[in-house]
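Have the 3D view open as you read.

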Amino acid sequence: MDFTISPRIEDYRRRIADFVETRLLPLEADPSAYDEHENISPAHLKGLREQAKAEGLWCLQLAPEFGGQGLDRVGMAVCYEEMNRSIFGPVVFNSAAPDDGNMMVLQAFGTDEQKEAFLRPIADGRVRSSFAMTEPDPGSGSDPGMMLTRATRDGDDYVIHGQKWFITGAGVAEHFILVARTSEDARRGHTCFLFHRDDPGWSLGRRIPIMGPEEHGGHCEMTFDGLRIPQRNVLYKEGHGLKVVQARLGVARLTHCMRWLGLAKRCVEIATEYAARRKGFGIRLSDRETVQVLLGGLAADIEIGRLLVMKAAWALDQGSFARKEVSMAKIHVANLVNRAADAAIQINGARGYSKDTSAEWIYRYARQARLVDGADEVHKMVLNRLLGEEERGFWSWDVAKEVKG
């Protein structure tokens with residue numbers, strides 16, 4: 001692939017960088033800018049979102065007909081990394097999970113009616129959304145084959161019974177994508193449905209406390225005890241839910257990585273700035289070989305992560321599912337952001353452990369990276385399976401078609 005980016009993408013990146021530098025980073029130091037769950041407060045968010053819209057930095061991932069800019073995956077990688085230099089960045093530009101992945105899958109699979117009813121309000125920033133798939137034991141986690149939530153056909157409706165948990169954003173979401181079992185078929189036994197918060201037949205349980213700061217709407221339990229969903233709200237086709245899920249999660253995993261690279265780079269900034277001015281025993285921290293080795297190693301690992309993400313983004317843009325590329329990026333970057341946050345705290349000492357910098361926020365937030373959208377171990381198992389199937393071909397290069405003159 002060609003690693004140069006277009007002037008258009010660079011223009012978006014530059015303007016996002018300026019927005020983050022001048023409007024978001026200063027806000028992180030203001031305690032009143034946070035809600036009770038340690039994310040940006042709705043009052044502050046509203047005004048910043050209006051500014052992002054006015055400056056053409058809104059929903060870069062969507063087509064212009066939905067208010068976006070139609071960026072491809074490579075362009076998204078550049079811009080999302082820049083957005084998440086601030087912990088507030090992605091949600092301001094309407095590029096944060098779970099809305100980000102939900103909007104892209106609705107754009108790809110929704111009918112015209114579904115796009116107008118469910119996608120456009122999210123794209124406009126009028127409502128938030130959620131993706132309900134994970135279930136409590138003994139239901140499905142990483143293995144969708146264990147799913148217990150059922151959708152039973154009743155005339156032109158489907159009736160839903162079951163439980164979900166750790167559903168991100170459910171506490172404030174109005175639009176939901178639900179995955180439920182419609183048959184016992186291993187490949188064609190799942191279906192995706194759309195429903196609205198005000199539809200009867202389901203209830204929101206507890207907002208599950210977590211160790212880190214939360215996305216808006218938290219991570220919630222949901223119970224379905226007779227929710228009726230009309231056939232017109234089936235997303236794509238009955239029995240093809242896993243296709244929708246894979247299409248959503250493949251890109252969502254990678255967009256997580258794009259954003260986590262921004263957080264990892266921010267951690268290195270926090271560490272480097274402090275090391276350059278803090279002295280101990282007559283020497284600056286930045287002059288100590290141990291600090292130099294730590295930061296130099298992180299710099300290299302961040303660049304490795306960027307290359308893995310870019311290769312996966314490029315493969316997706318070429319029409320590939322990019323399963324290998326996405327899994328490798330997910331493993332590497334999820335671990336990287338944890339190590340970067342730990343290094344920032346270690347180099348800053350007590351200051352790093354305090355709330356005087358964003359390092360401790362990122363440290364607590366980062367631990368989920370090795371779990372969400374597939375734990376490290378699951379992605380390594382996927383890579384091992386592909387290695388067994390492809391053998392030496394696992395590392396093959398794509399060969400360009402010969403141009404006949």
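## The largest cavity

Sort the residues that line the largest cavity by class, and you get eleven nonpolar, four polar and four charged. Keep in mind that this is a predicted model. The lining is made of 19 residues, and those lying nearest the centre of the cavity are I87, P90, A96, E215 and Y365.

How much space lies in the largest cavity? About 240 Å³. A search of the whole structure turns up two cavities of 30 Å³ or more, and the other one comes next.

## The second largest cavity

The second largest cavity has a volume of about 40 Å³. Around it you'll find N102, L106, F118, I122, S129, S130, H175, F176, I177 and L194. By class, this lining splits into six nonpolar and four polar residues, with no charged ones.

Helices and strands both take part here: α5 (99-109), α6 (112-123), β1 (129-132) and β4 (175-181) each supply at least two lining residues. The largest share, three residues, comes from β4.

Now turn to α12, which runs over residues 376-390. This helix has 15 residues and reaches 21 Å from its first C-alpha to its last, close to the 21 Å expected at 1.5 Å a residue. Its buried residues include D376, H379, L383 and L386. Look down the helix axis and the buried residues of α12 fall within an arc of 95°, so they line one face of the helix.

What covers those buried residues of α12? The cover includes α7 (241-277) and α9 (323-348). On the other side of α12, M381, N384, G388 and E389 are exposed.

## A serine in a loop

Last stop: S41, found in the loop between α1 (7-28) and α2 (42-54). Is S41 buried or exposed? S41 counts as buried because its relative accessibility is 9%, and the cut-off for buried is under 20%.

Which residues does S41 touch, leaving aside its neighbours within four places in sequence? S41 is in contact with S32, A33, Y34 and D35.

Key: Residues numbered from 1 in each chain as written. Predicted model: local features only at pLDDT ≥ 70, side-chain atom pairs only at ≥ 80, totals over all residues. Heavy atoms only, no water. Helix = DSSP H or I, 4+ residues; strand = E, 2+ residues; numbered from the N terminus. Expected span 1.5 Å × (residues − 1). Buried < 20%, exposed > 50% of the residue type's maximum accessible area, 1.4 Å probe, protein only. Arc of directions from axis to C-beta. Contact = heavy atoms within 4.5 Å. 1 Å grid on protein atoms, 1.4 Å probe; cavity = no way out; pocket = protein on both sides within 12 Å on 5 of 7 lines; lining within 4 Å. Points joined across faces, edges and corners; volume = space filled by probe spheres on them. Nonpolar A, V, L, I, M, F, W, Y, C, P; charged D, E, K, R; others polar.
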